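Please take a moment with the sequence and the structure shown here before reading on.

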Amino acid sequence: MNHTPEQQWSALSALYEEADALPAHALPAWLARLESARHPLLPQLRRMLEARAHLETDDFLGTLPRLSARAESSPGSDWSPGRRVGPYRLVRPLGEGGMAEVWLADRDDGVFKRQVAIKLPYPRPGRESFAARFDRERNILATLRHPHIAGLFDAGVTAEGQAWLALEYVEGQSISAFCDERRLPLRERVQLFRQVLLAVQHAHANLVIHRDLKPANILVTPQGEVRLLDFGIAKLLEAEGDAIAETELTRQAGRSMTPRYASPEQLTGLPLTTACDVYSLGVVFYELMCGERPYELRVDSPAQLEHAILEVEPRAPSRRPLSPASAEARGTTVKALHKALSPELDAIALRCLAKKPFGRYSSVDALLADVDRWLGGEAVLARAPGFWYRTRKLAARHKLGFGLGVTAIASLVAVASVAVALGMQAREESARAGAARDFMLSLFKRADQEKSRGADITARELLQSGRSDLLKRLAGQPRLQAELLMGIGTIQRDMGEYVDADSTFEDAVRLYSELNMPRQEVLARASHANVVLRLGQAQRAGVLLREAEDVADRPMADAELNARLKEVGGWIAHIEGDGARARDLFRQSKAYALKAFGPGHDRTLSAMRGMVYAERLLRNFDGALALQDELERAVARAGDKNPQEPAVLADTRAELLDAAGRFVDALSHIAATLPACVSEFGPNNESCRKLVLRKARVMLKLGMTQLSPQDDAFVEQLTQDAASPAMQIEATILLLRMESARGPSPRQQALFERLSDFGKPSAKLQINPPLRALAALVLAESQLRMGETAAARLRIDEVLRRLAAGETSLPAKAMLAYGKTLMGVSLLQGGDPDGGLRWLGQGQDEMSGVYGAQHPLTTLYSVNRAVALGALGRFQEANDVLSAAEPVLRRAMGASAPAYARVVRLRERLDHAQRSHDVGPLGSDFFS
């Protein structure tokens, strides 16, 4: 045991951090284990936890004293280097704004070292409203946790009544200065702007409007990481995201904003929505692209600026006179810059800068999607103002002339329309059928031309070119365009080409909305939400589903629409880990589908499949398998069934057997069904691909680390398939885990680097937070197996912190179990079996919360505790753990499984160690 005060404090700090990371329900059991081990630091730890509980009960960050009138009327600031503010010592001033001054400060209370930016509101007369804003900034920042938002570390009030915030210190430049100094080309500027969008997206998701977005509040570190600053005038939306009116605080202090980046509604004092941030982002984007702000002022005065923002339509960036200096700062010439800006970047900027909120992007999510399309080389959905827009503007300026002309034209149209109305519908249907036929023939003709040149054109390429062609060639027939896009999107979805399908369905939604066809628009939006969910973007899918439910004039009693909406809602609830809600929505979907289609229809079967997965999520594995039997019987009875249904059912049953812990049965089932799936539908069928990945996952649980050459080549191919991001990353994860388990190799290093690249902010493929956390933990496991214990521990610690502050779904809890187990292994490998045992116990507890105490996966995790107990010389306890684990694992894995054989060998080694008192290097052996 450590003896010096420094060593005791270090050990106590480690214990406290471990306790602080535990969920409330797990803390008593953890303390009981310390008590049974008679840990000497337990009394001091309990006192620290009592103090923490007192702070939590007293709402430390939420109830800091407000600045008093006495404090605000005190003389001017006399802060100077060396002064103490809480546990921090001021170093030097960083700057000052309208409500506060900011200092660089060092934490020097001996707990740990950290540099922060201390924000101190001005203690001056007449600044009473700033104190209230300061309180609001503290409350808002306490809710925001995002890698691109400068976070709140600490807050307090000095003995003199001076409030302060300790914020993340960002050593960087404004985004515009960063880009210009490095002469970044447009693409790299857009990639940086994308990081800004991610930060604002997070704020809006937490019902926060920034209201002061400008380059000075967007810093970029030397490593190219964006940090969004200054939420001092941010506002909170209502829970449903409604607009917010100005408060008494704002009325007293004036409208808080930077006018050159403010939206029209901010200038006029209208209620604010997230659209005001979209406008400000548009100004920043415009400036980043061409080096000019949107406003061309004759006189640089507040009145001229307000007139420009409220009345003058900005020119597209490419149509502005651009200076050689602006072009040089973007690494190009003036002529090349004009060409690069038009038309897509023009369209994005002008869409953000619409005068009316409804004319802008509907959300930052929509703006982000268009930015991603541009980065991916796809057509953006925004369009520069066209003929009808300019015509409306012209009519508004010349009302009399347009009025007389329109009256005359209307009279002629009224007479002519009576004569042709009866023939229009038949001709329209005939024209649509002919155009559809010509379009399909053109696709086959293109494939034949490519083949005659000796090139093979894939189905994916054919669909991509078809989508591009119909948007151009059928521009005058939007209804036919929408119908064909729905067909192409459905095929792309069924092929697993989710990225392509995302754009296709989005175009279909836009067309149906413009055509005012609410029923078709709802179905298109539901299909769009479904494919976005398959991309792993549950939050965005939820937004799209709500938009589908909110379509004006949609038929509320339409059973088909309701079946589809409830089904997509059920899948979103399933992804979010809400099994009870998912089950209820799938049951409703089935009832509507039976009413609309009958028992054997795809929609009815899909709702039944959802019910199976909901029961699996609720850990009712027997019930899920019973529903699966019912589903398979329904499919067998269906006369006109989807030919791919057997492959889908095979994957579903494999998933259920795997989830139930029946690993041997799952592997046998996959072995029996996968060859038929590949033979019937080809290896690129989505269900066949899922079966191959499921096979690899089950093999890992069984301790089998070598795929067949055919399966290995197929999974390797999936690691390169950016059209299915979730599968691409999962395939990379599985191959890396298998390679790592076999030992260091060049391929392991290559896979490690490939997986590392997915998590970088600059990566072309952006993955959602849960998948990013899983990828990071797999990288840490690989490092542990290579003996890089310290690097692995840093990576694990970062992931655990993010998980503790994030979602609480079952997938997130499963990752928490995985992470805590890896932390325990890292401590074992680092020579700290006591610490390792504690973390391994937490990992087992978390896994028990996901699958249940008797599930084979929970049991497998318990084996790691036996390793730690053996390392501590507690052989009897270790053998007790293995005695309980062996029969469970034997039933789940079979006696020949390598993982089970390792458990048997571990028990033999522990028996030998107990007799000889020589445990050997058990800490290097772990089970995950």
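## Helices in a predicted model

Helices, as the word is used here, are DSSP runs of H or I with at least four residues, numbered from the N terminus. The structure is a predicted model, and by this numbering Asp494 has its place in helix α19, which covers residues 478-494.

Asp494 counts as partly exposed, because its relative accessibility is 36%, a value that falls between the limits of under 20% for buried and over 50% for exposed. Although Asp494 and Asn685 are 191 residues apart in sequence, their C-alpha atoms are 7.9 Å apart in space.

## Helix α28

Helix α28 takes in residues 663-681, 19 residues altogether, and reaches 26 Å from its first C-alpha to its last, which is close to the expected 27 Å. After α28 comes Gly682, whose phi is positive, near 90°.

The buried residues of α28 are Phe663, Ala666, Leu667, His669, Ile670, Thr673, Leu674 and Cys677. An α-helix has 3.6 residues a turn, so residues three or four places apart point the same way. The partners against which the buried residues of α28 pack are the helices α27 (645-659), α29 (686-701), α30 (709-718), α37 (856-871) and α38 (875-893).

## The pair α22 and α23

Helix α22, residues 538-549, packs with helix α23, residues 559-575, at an angle of about 155°, and the axes of the two helices are 10 Å apart. Since angles over 145 degrees count as roughly antiparallel, α22 and α23 are therefore roughly antiparallel to each other. The crossing in which α22 passes α23 is left-handed.

On the α22 side of this pairing stand Ala538, Ala541, Gly542, Leu545, Ala548 and Glu549, and these meet Leu565, Val568, Gly569, Ile572 and Ile575 in α23.

## Not counting residues up to four places away in sequence, Asp500 touches Arg460, Gln464 and Gln492.

Gln783 has its place in helix α33, residues 769-785, and counts as buried because its relative accessibility is 6%. With neighbours within four places in sequence left aside, Gln783 is in contact with Phe752, Glu788, Ala791, Ala792 and Arg795.

Note on methods: Residues are numbered from 1 along each chain as its sequence is written. This is a predicted model: local features need pLDDT of at least 70, side-chain atom pairs count only at pLDDT 80 or more; totals for chains, interfaces and linings use all residues. Side-chain values use heavy atoms; hydrogens and water are left out. Buried means under 20% relative accessible area, exposed over 50%, partly exposed in between (1.4 Å probe, protein chains only). Contact means heavy atoms within 4.5 Å. The expected span of a helix is 1.5 Å times one less than its number of residues. Axes are lines fitted to C-alpha atoms, for helices over the stretch in contact, and angles run from 0 to 180 degrees between N-to-C directions. Angles under 35 degrees count as roughly parallel, over 145 as roughly antiparallel, 65 to 115 as roughly perpendicular and the rest as oblique. A crossing is left-handed if the near helix is turned anticlockwise from the far one by less than a right angle, and right-handed if clockwise.
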